[in-house]
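This report describes selected features of the structure shown below. It turns to one helix, then to the nonpolar core and the salt bridges.

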Amino acid sequence: MAIASEDLKFTLQEVLDTFKSCLSEHKEVFLEHYVAGWRGLVRFMNCLGSVFSFISKDAVNKIQILVNHLNGENGAHYVTIQSMVKYELDSQLVDLTKRGSFPESGCRTLLRLHRALRWLELFLERLRTSTEDSNTSVMCSEAYNESLAQHHAWIIRKAAGTAFWALPGRATFFDVLNVGSPEQVMAVLGDTLPLISEVYKVTEDLYAQNNILELP
């Protein structure tokens with residue numbers, strides 16, 4: 001399996017460091033670091049070939065939308081996820097009941113990444129607690145069915161299920177994570193996953209408080 005040169009730079013340590021920077025002391029999520037963390041996760045998926053392309057390609061598109069907001073004339077309102085949600089809701093820049101005027105709102109765009117983050121968190125947690133004979137396809141499918149699947153149409157769920165059966169074995173995943181021995185991989189995953197989980201929970205609670213967990 002050919003791996004693009006840019007993907008050789010990926011290491012799980014990078015994702016760990018980025019998510020460490022995501023939360024402020026007041027538990028606000030810095031959008032710039034959130035986006036950077038996702039760039040690392042996309043590189044991780046791309047290292048495994050085309051299996052995750054149906055998710056990674058969409059993630060790249062969503063990342064760019066958020067970067068455009070960050071760099072736009074209203075970028076000051078997009079420093080944190082909290083400030084973004086407040087600004088867009090106060091300014092009525094979010095389609096709350098049906099897609100229409102604001103399909104690329106920051107709130108809707110980030111919600112899609114948020115859902116995918118849960119899937120990756122669940123999958124990586126299964127990897128962390130796996131044994132040498134654990135089946136990566138089964139672990140990935142279980143994580144997907146517990147998270148993203150409920151938000152995908154049947155045809156996408158079917159394609160995902162087929163793609164997951166082409167996943168490489170556990171040893172290949174550990175190599176791609178690029179932090180050393182299996183024991184080191186387990187240790188770094190043990191450090192990384194609580195950070196991802198906390199960022200996910202803060203975001204989930206924020207969206208729930210504002211009744212925007214089901215944006216169209």
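## Helix H9 and Pro182

Helix H9 spans residues 182–209 and includes Pro182. The model is a predicted one. The relative accessible area of Pro182 is 42%, which places this residue in the partly exposed class, because that class lies between 20% and 50%. Pro182 and Arg128 are separated by 54 residues in sequence, while their C-alpha atoms are 9.4 Å apart in space.

## The largest nonpolar core

The largest nonpolar core comprises 70 residues. Those that touch the most other members are Tyr34, Trp38, Phe44, Phe52, Ile81, Met84 and Trp119. Helix H5, covering residues 106–128, gives the most to this core, contributing 12 residues.

The surroundings of Tyr34 can be listed individually. Apart from neighbours within four places in sequence, Tyr34 is in contact with Cys22, Val29, Ile81, Leu110, Leu113, His114, Leu117 and Val199.

Side chains of opposite charge can pair when their charged atoms come close. Across the whole structure, 10 salt bridges are found. One of them joins Lys27 to Glu198, with 2.6 Å between the closest N and O atoms. This pair links distant parts of the chain, its residues being 171 apart: Lys27 lies in the loop between helix H1 (12–20) and helix H2 (31–47), and Glu198 belongs to helix H9.

Lys27 has a relative accessible area of 41% and is partly exposed. Glu198 is also partly exposed, at 29% relative accessibility.

## Salt bridges within helices

In helix H3 (residues 53–71), Lys62 and Asp58 are four residues apart and therefore separated by about one helical turn. Lys62 and Asp58 form a salt bridge, and their closest N and O atoms are 2.8 Å apart. Lys62 counts as buried, with a relative accessibility of 9%, whereas Asp58 is partly exposed at 35%.

Helix H4 (residues 81–90) contains Asp90 and Lys86, likewise four residues apart, so that about one helical turn separates them. The side chains of Asp90 and Lys86 meet in a salt bridge with an N to O distance of 2.7 Å. Both of these residues, Asp90 and Lys86, are exposed.

## A salt-bridge network

Salt bridges also link three residues in a network: Arg126, Glu142 and Glu146.

Key: Residues are numbered from 1 along each chain as its sequence is written. This is a predicted model: local features need pLDDT of at least 70, side-chain atom pairs count only at pLDDT 80 or more; totals for chains, interfaces and linings use all residues. Side-chain values use heavy atoms; hydrogens and water are left out. A nonpolar core is a set of buried Ala, Val, Leu, Ile, Met, Phe, Trp, Tyr and Cys residues joined through side-chain atoms within 4.5 Å. Buried means under 20% relative accessible area, exposed over 50%, partly exposed in between (1.4 Å probe, protein chains only). Helices (H or I, at least four residues) and strands (E, at least two) are DSSP runs, numbered from the N terminus. Contact means heavy atoms within 4.5 Å. A salt bridge is a side-chain nitrogen of Lys or Arg within 4 Å of a carboxyl oxygen of Asp or Glu.
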